[in-house]
Amino acid sequence: KHLVVAVDGPSGSGKSSVSRAAAKALGVGYLDTGAMYRAVTWWCLEEGIDLTDQEAVAQATRDIPLEMGTDPASPSVHVGGREIEDDIRTTRVSEAVSKVATNTLVRPLLQQLQRDLIDQVATETGGVVAEGRDITTVVAPDADVRILLTASVEARLRRRSKELHGHAAEHAVEATRDQIVRRDADDSTVSDFMEAAEGVTLVDTSDLDFEQSVDALLDV
Ligand code: C5P
């Protein structure tokens, strides 16, 4: 029997690093579905495809030579053999990705790709931890374990501001607050992260550090 763990949560909830560590501890594969939306976004920008042209972006999603590396020790993203792990984390991609994530022609294509990957990785490694925004509800509603990882805006802000230094830090904290609130608003078209769907376990990491968050996920 394969173990499928679905984890959803907002940006800055620590969802990616916590899910990855949990996959490592469980000895199973790890799938970052947000990286797939980012990869399609990066590819469209590279190819000069108009991100507001829904059909063109859907066609790019069908054509993209995307390879997701699902080893939690070294997850990777390749397009046409090129490693793009850094390219998809740039501000340029982060600011454009919601155009792809809200494209109603693209979502079912990536969701099906994700279901196939989850099946494949689970079969190969005995299980998988898949994380994103709609894994517990749409991609893998039948997962053995379904978790919504949340953290208050203040907690997510605290974590980010720890990474900021110098005289601009105070200014940057305000900018980051705006960014978090805006990203939440962008994402709210996908789902409401304040509420867990039926059968989904809510894990609030606001008052937990990284290790405690991983343990909380493993407990479930
Ligand atoms: O988690 P990450 O920030 O990498 O996600 C990138 C973008 O993809 C976000 O805008 C997020 O809303 C979107 N996304 C999504 N569905 C998923 C995973 C991510 O719409 N399953």
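Trainee: What does Asp 144 count as: buried, partly exposed or exposed?
Mentor: This is a predicted model, where local features need pLDDT of at least 70, side-chain atom pairs count only at pLDDT 80 or more, and totals for chains, interfaces and linings use all residues. Residues are numbered from 1 along each chain as its sequence is written, and side-chain values use heavy atoms, with hydrogens and water left out. Buried means under 20% relative accessible area, exposed over 50%, partly exposed in between (1.4 Å probe, protein chains only). At 39% relative accessibility, Asp 144 is partly exposed.

Trainee: Which residues is Asp 144 in contact with, leaving aside its neighbours within four places in sequence?
Mentor: Asp 144 sits in the loop between α6 (135-139) and β7 (145-150). Contact means heavy atoms within 4.5 Å. Leaving aside neighbours within four places in sequence, the partners of Asp 144 are Lys 1, His 2, Leu 3 and Val 4.

Trainee: How far apart are the C-alpha atoms of Asp 144 and Ala 21?
Mentor: Along the chain, these two are 123 residues apart.

Trainee: Is Lys 15 buried or exposed?
Mentor: Lys 15 lies in helix α1 (residues 15-26). Beyond its neighbours within four places in sequence, its contacts include Asp 8, Glu 131 and Leu 149. Its relative accessibility is 6%, so Lys 15 counts as buried.

Trainee: What distance separates the end C-alpha atoms of helix α2?
Mentor: Helices (H or I, at least four residues) and strands (E, at least two) are DSSP runs, numbered from the N terminus. The expected span is 1.5 Å times one less than the number of residues. For the 14 residues of α2 (residues 34-47) that gives 20 Å, which agrees with the end-to-end separation of 20 Å.

Trainee: Which residue just after α2 takes a positive phi?
Mentor: The phi there is about 70°. The residue is Gly 48.

Trainee: What is the radius of gyration of the chain?
Mentor: The chain has nine helices and eight strands. The radius is taken over C-alpha atoms, and the globule rule is 2.2 Å times the number of residues to the power 0.38. For 220 residues the rule gives 17 Å; the chain comes close to that, so it is as compact as a globular protein of that length, with a radius of gyration of 17 Å.
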